[in-house]
Amino acid sequence: MTTIGGNSTADSNNSHSTDNHVDNTVNNSRNNTNTTINYYNSHTGGNALEVVNTPHASNTPPPPKLFMVSYAEPTNFIGKSQTMAWLEKDLVGKDGWNTSHRRMALWGIGGAGKSQDVIQCLHKYMGTANIFWIDAGCKTKFTNGYADIAKAVGIDSTQDYKDIRLQVRMWFESEASGDWILVLDNADNKRDFISDDNTTDSERKELLKQFIPQGTKGRIIVTTRDLEVGYNLTNGIGEVVQKASSMEQSNAIALFNSRCAQYKDDPSIPELLRELQSLPLAVVQAAAYLNYGSHLSPLQYLERFTSVRARQRHILTHKISETQRRDENETVLTTFAITFDHVCEQSKLAGFLLTVIACLDNRKIPGSLLEKCAEASGLAAAHETPYTAIKKLENFALITKHSTRGQETLFDVHSLIHFAIGICMKNHEGSKQRLKAFKLERTIEILVSALADPERFPDGKFENWDNCSMHLPHVCELRAGLDEAALHIKHSSKTKSELAHIYHVLSEYLFETKRYPDAWMFGNDAVKLRESVLTYKDARTLSSAHILANICYRQRRMEEVKVAKLAEAADLLEKVVAARGKTYGGLNVFKVGCMRDFDYAPSMTLLASVYRAQGRNDEAERYIKKALDIQKNDAKTKGTLDIVVTTGLLKACSNGTKSSSTSEVQTMALNLLSQMQSNSSKSSKLFGGRVGMKFLICLAKSGFEVGTQKKAMEDLGNQYLASHTSKYGASHSSTLDSMLKVGMLHTFLGNSAKGKSLGKKAMEGFQNLNLEAKSHWLTNAERSYGKIEGSSKTPKPTVVQVLPAPKKNGILHRLRW
């Protein structure tokens, strides 16, 4: 049980809102009510006001304790009642009832079992105090409940309802009421209880908060989905207690077994409950479905639940028929739909954010992404900011804080809530369909634009790996539901161009972290989208095509796909080289906005490497010579050699048969090394740091004779590591990555002892990283460490997709445009 601070600074007339629509209501037994009225009338001479104003004479026997709760005691309640724990701790003293007036709000999402918790407690206290249950789901139900209490205690019910409510409050605050407990169930709608800037004078007079008794005695228990309502109604005289949305696994199993004993020992039950995230209402609904709704086994139920969303909807809308539930039509989806309607009614901006959340993964959603989408929606106002909208969703327990990463707050959404949002956006009879007012196409446009922000996704370079990793699951969820044909029809060129940028950056990131099948997936999409919007000759399209070709080339060691991937790489690069030759005529590095464009010569060197791998050595040699000519001419102009081109030439010449160009490439590489050495104080800036290390490793691995330059290469590597250690610290991921690369350099230069020492130290550091997203570091580090341990041989990779398959419960899986 999590207890949240009890005091609120909200004004008694002004307050914030709450969310709660729960499971049980009061339908009072008329026979019991009439009996009680007759009893009170017999002791007051029929004068109802005497009940309020005149205490019973000392020689008059006290009336029986009222118990106006129409629900039977739960026979299979599982776990400890949080309401009971609060009463025992805060309201009941050693010698009986305390005299102070106290309140508790039990807060949590719909279906968490708040009402069942309270019912369990009330039956334990039957006979010790007058106990009343009011359905506070709306003003009408609240007033009807007070009218029933008025009858029960003998207040004249012919007066108008406002007077009745005031008289009932007065009775609670009088001595005549004795000890009492009042339950306000489903107090979810903030506007029924507390005012805000939009509340009119006439509405303020009808706010229900003014009819809730105070005084010096009595206990009030509120069940609510809205934390703000809970705080406001317990302000200064109670506390808010959170009802956990998920039960402990052992309690969830016990609850299921109590409802469906025939499958008590079925081994698939724990997995089924994990899929339902042990939400009490969902557990009860699954048990009811297996008992009465089908002839399925738990395993078949689980398979259907996780495979097809239409079946999941059918399962989650199966009606529960129980004497302890006020509404026989209550289901998981109808319960959540009520909450969504309350949110949309109170905050259009918060409702819009629900549609954004439906398009993302349900775990670790960046708060800054939600804020960016809220700002772009056009729904923000002075009284309704992105911050207050996110807070609204937190208050309704629809999102919860997962963790923080730097200055970024990450949020989680219960998987069933995530699924229910999508259903309610489409169509659901239990909802007023307020979520349908938000157009999915517009939501997608805003979301894609927010993701494509250059500050969020500048590129897939090393410095941005953590950021790419944080957003990757959400882009995967978005991509999984976007149908390409629909994109062409429905979305603007701007949206498709932004989406292509996102895919391009992630393909670059996944390529750098050696997750090639996943990188190919995004790279292929980026090329297709850019071709459709920008044409193939555009620099951005060519940049994506170059990366995609490199991804294909890197998969050449996967025997299953080697031939096909090399052919795909050659085809892509031939088009790139042809387009760049005509467009740029060999000019170096062309930039478009924040996009890095690969120049003509690197595409040639990569194509030469592909031809080498295919055994097309003559063609490879031709492109090596062309790249050499470009490099020489460029060096005359700039005074330095291009490190990327030289590295590409090294790879092309060390991959296959030695040729007439080999010695020339070797000479060029040694000249570049001399330049690096003479400018060692500026090497990090001049030669790109990490790119420079790639060149040094490639040169060491090439087998070329470096002679006296070996010591210079080791010194440059050590200097690279020292600069990272000084800048980031010894245990930083960037420093550890540098350590691995320097270890590889020493290994390929023949100093295996030094290489293994650095590699082992780096791997120990990676294992101890306390990062949310250290998976990409470990993937990369393990491959690099494998090269150190095996000198130059690494185990053959297999075609494995690292990314998990996108969940099929996303809104985009169910709504195709």
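Trainee: Which ring does the charged end of Arg556 sit over?

Mentor: The ring of Tyr553, with the charged end 4.0 Å from its centre. Keep in mind that this is a predicted model.

Trainee: Okay. And what about Arg479, which ring face does that one lie over?

Mentor: That's Phe522, and Arg479 lies 6.0 Å from the ring centre.

Trainee: Which ring is Phe522 paired with, and is the pair stacked or tilted?

Mentor: Phe522 pairs with Tyr503. Their centres are 5.5 Å apart and the planes are at 55 degrees, so the pair counts as tilted; edge-to-face would need an angle over 60.

Trainee: Where do those two sit in the chain?

Mentor: Tyr503 is in helix α23 and Phe522 is in helix α24, 19 residues apart, so the pair links distant parts of the chain.

Trainee: Buried or exposed, Tyr503 and Phe522?

Mentor: Both are buried: Tyr503 has 3% relative accessibility, and Phe522 has a relative accessible area of 0%.

Trainee: How far apart are the ring centres of Phe511 and Tyr516?

Mentor: They're 6.0 Å apart, with the planes at 50 degrees, so that pair is tilted as well. Phe511 and Tyr516 are both buried.

Trainee: How many aromatic pairs does the structure hold?

Mentor: Nine. There's also an aromatic cluster made of Phe132, Trp171, Phe172 and Trp180.

Trainee: Back to α24. How far apart are its end C-alpha atoms?

Mentor: 25 Å. The helix runs over residues 516–534, and at 1.5 Å a residue its 19 residues should span 27 Å, so the two values agree.

Trainee: How many of its residues are buried?

Mentor: 14 of the 19, so α24 is mostly covered. Just after α24 comes Thr535, which takes a positive phi of about 75 degrees.

Trainee: Switching to the core: which residues touch the most other members of the largest one?

Mentor: Ile149 and Leu182, in a nonpolar core of 131 residues. Helix α23, residues 493–512, gives the largest share, with nine residues.

Trainee: What does Ile149 touch?

Mentor: Leaving out residues up to four places away in sequence, Ile149 touches Met68, Phe132, Ile134, Val168, Phe172 and Leu182. Apart from this core lies another one of 70 residues, including Ile643, Ala700 and Met763.

Conventions:
Residues numbered from 1 in each chain as written. Predicted model: local features only at pLDDT ≥ 70, side-chain atom pairs only at ≥ 80, totals over all residues. Heavy atoms only, no water. Core = buried A, V, L, I, M, F, W, Y, C linked by side-chain atoms within 4.5 Å. Buried < 20%, exposed > 50% of the residue type's maximum accessible area, 1.4 Å probe, protein only. Helix = DSSP H or I, 4+ residues; strand = E, 2+ residues; numbered from the N terminus. Contact = heavy atoms within 4.5 Å. Expected span 1.5 Å × (residues − 1). Phe/Tyr/Trp six-rings, centres within 6.5 Å; stacked < 30°, edge-to-face > 60°. Lys NZ or Arg CZ within 6 Å of the ring centre and 35° of its normal.
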